[in-house]
Amino acid sequence: AWVEALIVKRYADRHRMPEERVCFGLIGAGGVAQALHLPHLARASNIRLKIVCDQREELVREAQAKWGIPAGVTNAAALFADPEVQAVVITTREDAQASLTIRALEAGKHVYVEKPLAETEAAILDVVQAQQKARRFVAVGFNRRFAPAYRKAREILRVCGGAKNMHYRIADPYVHGWGRGYPPGVRMLHETCHVFDALRWFAASEAVSVYCAQSRSDEESLTIRFASGCVASITSSGYATPDVPKERLEVFADGGGVTIEEFVQLRTFGRPEYSPVYRFAGHAHPDQDAGHVAAFHERGEDALYAVRRRAMEDPDAAVPYLNYLVDKGWLAALEHFAESVASGRSPENATALDALQAHRLARAAIRSRDTWEVVKL
């Protein structure tokens, strides 16, 4: 029934008139855009992607042909000059995103920019200042705020008086995989920042101290205290094998709690008014087999373990991108942002100020890691 309902909704959405959709441009057509943003912009019900920009012309032409994008340029100035474009998605190198965001704001565009917004506090503050001057929206790609499993968990925790004690595990083959091109130790800025934002969102509070202990480069254990009194611990490892689910969250509140296994299965405790188990459909890329999408909805974590085990045992198997197996809220975050652009109402997406807080927490954690001391924020 849920599949049929989704098909009906998507059929109606796809027949929305083009002039009713928000006109977007995209800057950066590399790996992240190809895996995430291009497919989601193409399937979003309220977005019309008009123009794609990348310094590499071959990527521009490939994106145009594959996703039916009318215009392609290699110079961002041409995109900013298009009066029809209302919003820009920026997914480039970390050191280029802040300056491009500022240029987009100065051109009168709203911006959805990938995390981390920048690698320095000064660059993030420049974006905050530019946004205040331009009076446009800036959404930062902390998409976990829109993951269906996390939104349901937050609803339940609010009934229980809010999060009091949290544990987050994030583990992937970073060191021997996609992180090989980065200097040792920066995973805290580039990946664990997602966890910092998610914990702030669940706690509805700011961090006041952090302690970080390292076992080896890009593998840490952290303890965070929030102003609300909530405490959180993080186990972060870049040395996991493919069969390990990447993210797990446990939260305890007053008279209840939740556990979430990599966005596909939510278990509730102490709240009989809620189902003891919720399962969530997976995420599919158009170029990959989508059989796991329904399997996750039907069998939850058992189906997830099976897919990941298959990926480890047979590296040549036709397994979907492991980092993009589950619904972490990418599409919902973009559609909500577009809805806010159309309505003029402030979006619920993470803002440049949220990016600033996550960055400060990451820098404090690095300082604690280096000094073996608790660092206060």
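In this predicted model, helix 6 (residues 121–134) packs against helix 13 with the axes 9 Å apart and an angle of about 165°; axes are lines fitted to C-alpha atoms over the stretch in contact, and angles run from 0 to 180 degrees between N-to-C directions. Helix 6 is therefore roughly antiparallel to helix 13, a label for angles over 145 degrees. Helices here are DSSP runs (H or I, at least four residues), numbered from the N terminus.

The partners in contact (heavy atoms within 4.5 Å) are E121, I124, L125, V127, V128 and Q131 from helix 6, and A352, L353, A355, L356, H359 and R360 from helix 13. By class, the residues of this contact comprise eight nonpolar, two polar and two charged, where Ala, Val, Leu, Ile, Met, Phe, Trp, Tyr, Cys and Pro are nonpolar, Asp, Glu, Lys and Arg charged, and the others, Gly among them, polar.

A cavity is a set of points on a 1 Å grid over the protein atoms alone where a 1.4 Å probe fits but cannot get out, and lining residues have an atom within 4 Å of a point. The largest cavity has a volume of about 90 Å³, volume being the space filled by probe spheres set on the points. Its lining has 13 residues, with P116, A118, L189, A355 and H359 the closest to the centre. Helix 13 (residues 352–371) gives the most to this lining, with four residues.

Residues are numbered from 1 along each chain as its sequence is written. Local features need pLDDT of at least 70, side-chain atom pairs count only at pLDDT 80 or more, and totals for chains, interfaces and linings use all residues, while side-chain values use heavy atoms, leaving out hydrogens and water.

Key: On a 1 Å grid over the protein atoms alone, a cavity is a set of points where a 1.4 Å probe fits but cannot get out, and a pocket is an open set with protein on both sides within 12 Å along at least five of seven lines; lining residues have an atom within 4 Å of a point. Helices (H or I, at least four residues) and strands (E, at least two) are DSSP runs, numbered from the N terminus. Angles under 35 degrees count as roughly parallel, over 145 as roughly antiparallel, 65 to 115 as roughly perpendicular and the rest as oblique.
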